Amino acid sequence: MRSLVKAFMPGECSVVVAEDLTECLLYTAAYKPEVCVIFTESVNQPVWEWLPTLSEVFPTEMIKVIIPVYKDEQLVNRIVDDKGLPHTYVLPASLSYEEIGSRLCSILGLADEKANVLANDAWRENRGVVFTLTSYGSAGVTTFCINLPVLLAKQHPEARVAVVDMNIEKPDLSRFFGLSGHQLSLYRPDLVTLQAADQRNWFAAFKRSPTLNNLYYASGASRWESYEISTLLAIFRKRFDYVFIDWGYCFPETEAMQRLQSEGDFHLMFVRSDPFSLNSAAKWFGKRQKTGVSHQLVISHFAKEGISLQRIKEVTGAPVFGKVSRLQESRAAYSLQSNSILVEEIFPPKDYISSLQTFVDEIAGWKGAAICK
């Protein structure tokens, strides 16, 4: 371990290396370090014996970073979540030493100067708008989130656009954009209070689009607590102009989902334009009316020869914000498999792009509009 420290510890840090947990505790008492990095493979005891008592044997205010081996990763995350261990970060087991070093820099606020300048520039008075996107499944939310933000960012280069994948059941956005290294849940200890979270350089947690400097992506596919949702939304609004959150399925209705919809700004429910989907949406909207949260329908896979928008409004009893033209299933599947963004292709599907453009024109006007509750 001593010979490997330089491979992953940031050069700005003064480091003391312990070979086991007992020696680590002795060094902690003697040197009172600000951060403790623990590799689970260096501890002889099983994870379930020593990890739950971590906050008892180490100072509460000290930052603890746990780097598990593959067999321990799920258990370590579960224990940290269940016990609510303060100031404790869990890194993925799959990281290389270089990637571990990058994560430690981010956790300790040692990001590069360029990122820090960007973070400081983000403190603006403008209040960003948060869009929540939900569906009953297979309604095109992922394809929408891949394509529409690109159009919006291209046509409004002055605005910062963020896309966050919170679909824990099907994190397709995270897979499409390769967001395994941009997981917001890594910074959960910071979300206890907004004051603590404000100190984090959140731009370093997002992946910037390689072609658009004002477009950012992050994975938030985790089982969030409701208070964490509140903190995240406050953080997003301070740093971005438009935030699109792909929540995915609208069931089961967890406390986190209810908090997201009570504190989000505009809520778009995606529904396929077939009778079964529309009837299900009608029942769901009937229940949601009691909550006082206003939703708008987005009709996907819409075709002119199919059911009319007027009939859809009558069936669902809900306001229809817009429609997304039908996209051939094979074309959508190919796009996902090949990581091709439709709006950036040389010959994009015209009807689909035209329908997205209608959304872009409307959404751009929502910035600073009265918040829909």
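Predicted model: local features only at pLDDT ≥ 70, side-chain atom pairs only at ≥ 80, totals over all residues.
Local features need pLDDT of at least 70 and side-chain atom pairs count only at pLDDT 80 or more, while totals for chains, interfaces and linings use all residues. Residues are numbered from 1 along each chain as its sequence is written, and side-chain values use heavy atoms, leaving out hydrogens and water.

**View 1. The open sheet has three strands in the order β1-β2-β3, with parallel pairing.** Strands here are DSSP E runs of at least two residues, and helices are H or I runs of at least four, numbered from the N terminus; two strands pair if DSSP finds at least two bridges between them. β1 and β3 are the edge strands, each pairing on one side only. From one strand to the next, the twist averages 20°. Look for the five bridges that join β1 to β2; Val35 has Ile63 in β2 as its bridge partner.

**View 2. Helix α6 (residues 97–107) has buried residues, among them Ile100, Leu104 and Ile107.** Buried means under 20% relative accessible area, with a 1.4 Å probe and protein chains only. The cover over these buried residues includes α1 (5–8), β1 (35–39), β2 (63–67) and β3 (88–90). Just after α6, you will find Gly109 with a positive phi of about 75°.

View 3. α1, α2 (21–31) and β1 each give two or more residues to the lining.

Key. Buried < 20%, exposed > 50% of the residue type's maximum accessible area, 1.4 Å probe, protein only. Contact = heavy atoms within 4.5 Å. Axes fitted to C-alpha atoms, helices over the stretch in contact; angles between N-to-C directions.
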